[in-house]
Amino acid sequence: MTTEYSNENRGVLFKNDRKTEGDKKPEYTGSLNVDGVEFFLDAWLKVGKSGAKFFSVSVKRKDKQPEAQRPAAPAQQRQQPARQAAPASGFDDMDSDIPF
């Protein structure tokens, strides 16, 4: 008997290789699924007053991000722009039977 694997109610964090000394980017980034809803997950390693280390975490819904902040869709999912109509002369030099 095999059990189907599910990512529901699970998450993952990876070390942020793009972080540089002094910037405010998170030390860890990843994603989280809660009841089927996908989230971005960011974490910063902090040190409390007592010297104890802890993570400060930020969670943002993936589907609620402004378009400019969303990661680019894979090429096969991107919509191609509509082709412009042929010039009024009726001649379209981009539409030929030449295979190159």
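Buried means under 20% relative accessible area and exposed over 50%, with partly exposed in between (1.4 Å probe, protein chains only). By this definition Lys19 is partly exposed, because its relative accessible area is 24%.

## Basis of the model

This is a predicted model, in which local features need pLDDT of at least 70 and side-chain atom pairs count only at pLDDT 80 or more, whereas totals for chains, interfaces and linings use all residues. Residues are numbered from 1 along each chain as its sequence is written, and side-chain values use heavy atoms, with hydrogens and water left out.

## Overall architecture

The protein chain contains 0 helices and 4 strands, where helices (H or I, at least four residues) and strands (E, at least two) are DSSP runs numbered from the N terminus. Along the sequence the pattern is β-β-β-β.

Of the 100 residues of the protein chain, 10% count as buried. Among contacts (heavy atoms within 4.5 Å) between residues at least 6 apart in sequence, 16% join residues at least 24 apart. The protein chain exposes about 9,200 Å², and carbon and sulfur atoms supply 52% of that area; accessible areas come from the Shrake-Rupley method with a 1.4 Å probe, and for residues only the protein chains shown count as cover.

## Nonpolar surface patch

Leu45, Phe55, Val57 and Val59 form a nonpolar patch on the surface, with about 350 Å² of accessible area together. Patches are made of residues with over 30% relative accessible area and no salt bridge; like charges are joined within 9 Å, and nonpolar side chains (Val, Leu, Ile, Met, Phe, Trp, Tyr) within 5 Å.

Strand 4 (residues 53-61) supplies the largest share of the nonpolar patch, 3 residues. Phe55 lies in strand 4 and is partly exposed, at a relative accessible area of 46%.

## Salt bridges

Side chains of opposite charge can pair when their charged atoms come close. With a salt bridge defined as a side-chain nitrogen of Lys or Arg within 4 Å of a carboxyl oxygen of Asp or Glu, the count comes to 4. Lys19, Asp23 and Glu27 are linked in a network of salt bridges. Within the Asp23–Lys19 pair, the closest N and O atoms are 3.1 Å apart, and Asp23 is partly exposed at 22% relative accessibility.

Lys62 and Glu38 form a salt bridge with an N to O distance of 3.9 Å. This pair links distant parts of the chain, 24 residues apart: Lys62 belongs to the segment after strand 4, and Glu38 to strand 3 (residues 37-47). Lys62 is partly exposed at 28% relative accessibility, as is Glu38 with a relative accessible area of 34%. A salt bridge also joins Asp63 to Arg61, with 2.9 Å between the closest N and O atoms.
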